[in-house]
Amino acid sequence: MSEEKVMNNVAESEVMYDDAALAAEYLEKRKKQHEEDFAKPYDPECILEVRHLRKCFPMKKTMTGKVTKELVAVDDVSFKLHAGETLGIVGESGCGKTTAGRAILKLHQPTGGQIIFNGKDITNYTPKQMREIRKEMQIIFQDPYSSLPPRDTVGGLLSEPVLVHKLVPKDQIRNYVLKLMDECGLRDYYFERYPHEFSGGQRQRICIARALSVNPKLVICDEPVSALDVSIQAQIINLLKKLQRERNMAYVFISHDLSVVKFISDKILVMYLGAVMEFGTKEDIFRNPMHPYTKALFSAVPNPDPTMKMDRIKLQGDIPSPANPPKGCRFHTRCPYAKEVCKHVTPEYKEYENGHFAACHLLNEEQ
């Protein structure tokens with residue numbers, strides 16, 4: 001290490017940080033930014049616009065019901081998504097990917113932020129109001145075995161949403177469902193069969209058909225291929241891409257498999273401990289990953305070339321508890337490049353390239 005770097009590190013370690021004052025300053029700045037963003041007009045070209053989404057779960061309450069401790073599962077997540085696009089959300093288990101997806105669909109009521117779907121702010125919609133637009137927003141769950149009711153046939157499962165939302169006359173429902181099954185690669189004689197008679201890949205096709213039975217504009221794909229064999233994964237991904245082209249749907253694709261995300265996504269959002277670490281187009285993220293966490297994730301992707309040496313970045317320790325996140329940068333406890341400022345000051349999430357955002361103190365120093 002050069003003498004200049006040593007002197008800089010010594011000088012930095014001698015800086016005194018007032019954590020309480022820094023936290024108050026950060027919250028005030030963040031509140032002001034939220035107010036400015038919430039006042040902006042909705043983007044008419046977007047099918048989905050998420051602004052500073054936050055979701056907390058209460059852990060402790062007083063006798064009167066006041067929350068004294070909470071778990072912050074999703075904190076300050078923002079992005080835009082156009083029709084026909086796919087946003088891939090990646091990160092380790094427990095980073096808040098699934099909770100973010102469910103909060104967008106309002107399966108979990110958001111604690112804060114805005115969710116603008118198809119030009120309407122649905123953040124505070126009641127269940128009755130959500131029922132009117134529920135057919136335009138659907139989800140494909142991770143586990144095809146537990147997400148299908150075992151006592152109903154495939155025909156019954158796919159006919160029910162069509163009947164509830166009155167998409168076609170009753171006498172045309174069977175033909176409508178058979179056409180949908182054909183689009184999803186399901187044989188017509190599956191109509192009378194039960195879920196337990198199918199393999200995992202076939203069950204996931206049924207789940208996809210059920211989600212698409214109401215002609216949605218947005219589909220949340222919650223790790224839809226993680227429980228399947230590799231060969232079946234490719235078939236399901238190709239099916240999703242084909243259906244997206246035909247129906248011009250938008251996908252939010254949640255996964256921890258970066259090779260799958262690279263294949264299907266147009267934009268990528270990297271999450272860690274409930275917060276966004278990096279966001280950008282697929283080309284920008286894979287060409288120039290900026291955040292140390294993103295680089296560590298990419299280094300863990302297996303390389304099919306046995307002659308190429310893997311430059312693996314090994315992260316030390318476990319993910320901290322979201323009930324008690326670290327001060328400053330959330331990633332500093334595991335970051336190999338962390339400095340003293342990272343332990344006290346929350347990094348600013350900002351745009352470093354056109355459409356490429358990140359939150360890291362190291363990037364500010366490089367500029």
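Mentor: Let's begin where two helices touch: G201, Q204, R205, I208 and L212 of α7 meet I232, Q235, I236, L239, L240, L243 and R247 of α8. Here contact means heavy atoms within 4.5 Å. By class, this contact of α7 with α8 brings together 7 nonpolar, 3 polar and 2 charged residues. In that count, Ala, Val, Leu, Ile, Met, Phe, Trp, Tyr, Cys and Pro are nonpolar, Asp, Glu, Lys and Arg are charged, and the others, Gly among them, are polar.

Before we go on, a word on the source. This is a predicted model, in which local features need pLDDT of at least 70 and side-chain atom pairs count only at pLDDT 80 or more, while totals for chains, interfaces and linings use all residues. Residues are numbered from 1 along each chain as its sequence is written, and side-chain values use heavy atoms, with hydrogens and water left out.

Now look at how the two helices lie. Helix α7 covers residues 200–212 and helix α8 covers residues 230–247; their axes come within 10 Å and cross at roughly 15°. Helices (H or I, at least four residues) and strands (E, at least two) are DSSP runs, numbered from the N terminus. Axes are lines fitted to C-alpha atoms, for helices over the stretch in contact, with angles from 0 to 180 degrees between N-to-C directions.

Helix α7 has another partner. The axes of α7 and helix α5 (residues 154–164) come within 8 Å and cross at roughly 20°. So α5 and α7 are roughly parallel to each other, and their crossing is right-handed. V154, L157 and L158 of α5 make the contact with I206, A209 and R210 of α7. By class, this contact of α5 with α7 has 5 nonpolar, no polar and 1 charged residues.

Let's move on to aromatic rings. A search of the whole structure finds 8 aromatic pairs. Rings of Phe, Tyr and Trp (its six-membered ring) pair if their centres lie within 6.5 Å; planes under 30 degrees apart count as stacked, over 60 as edge-to-face and the rest as tilted. The rings of F286 and F298 have centres 4.6 Å apart and planes at 15°, so this pair is stacked. F286 sits in helix α10 (residues 282–287) and F298 in helix α11 (residues 292–299), 12 residues apart. F286 counts as partly exposed at 24% relative accessibility, whereas F298 counts as buried at 19%. The cut-offs are under 20% relative accessible area for buried, over 50% for exposed and in between for partly exposed (1.4 Å probe, protein chains only). Ring pairs also link Y189, Y190 and F198 into a cluster.

Next, helix α3 (residues 97–104). Since 6 of its 8 residues are buried, α3 is largely enclosed by the rest of the structure. The buried ones in α3 are K97, T99, A100, G101, A103 and I104. Just after α3 comes K106, with a positive phi of about 65°. K106 lies in the loop between α3 and β4 (112–117) and counts as buried at 9% relative accessibility. Most residues other than glycine have a negative phi. H52 also has a positive phi, about 50°, although it is not a glycine. H52 lies in strand β1 (residues 46–61) and is buried, with a relative accessible area of 10%.

To finish, here are two places where the chain meets itself. E353 lies in strand β11 (residues 349–353) and is partly exposed, with a relative accessible area of 24%. Leaving aside neighbours within four places in sequence, E353 is in contact with D284, R287, N288 and M290. E353 and D284 are 69 residues apart in sequence and 8.8 Å apart in space, C-alpha to C-alpha. P325, in the loop between α11 and β11, is partly exposed, with a relative accessible area of 31%. P325 and L273 are 52 residues apart in sequence and 7.7 Å apart in space, C-alpha to C-alpha.

Methods:
Parallel < 35°, antiparallel > 145°, perpendicular 65-115°, else oblique. Left-handed = near helix turned anticlockwise from the far one by under 90°.
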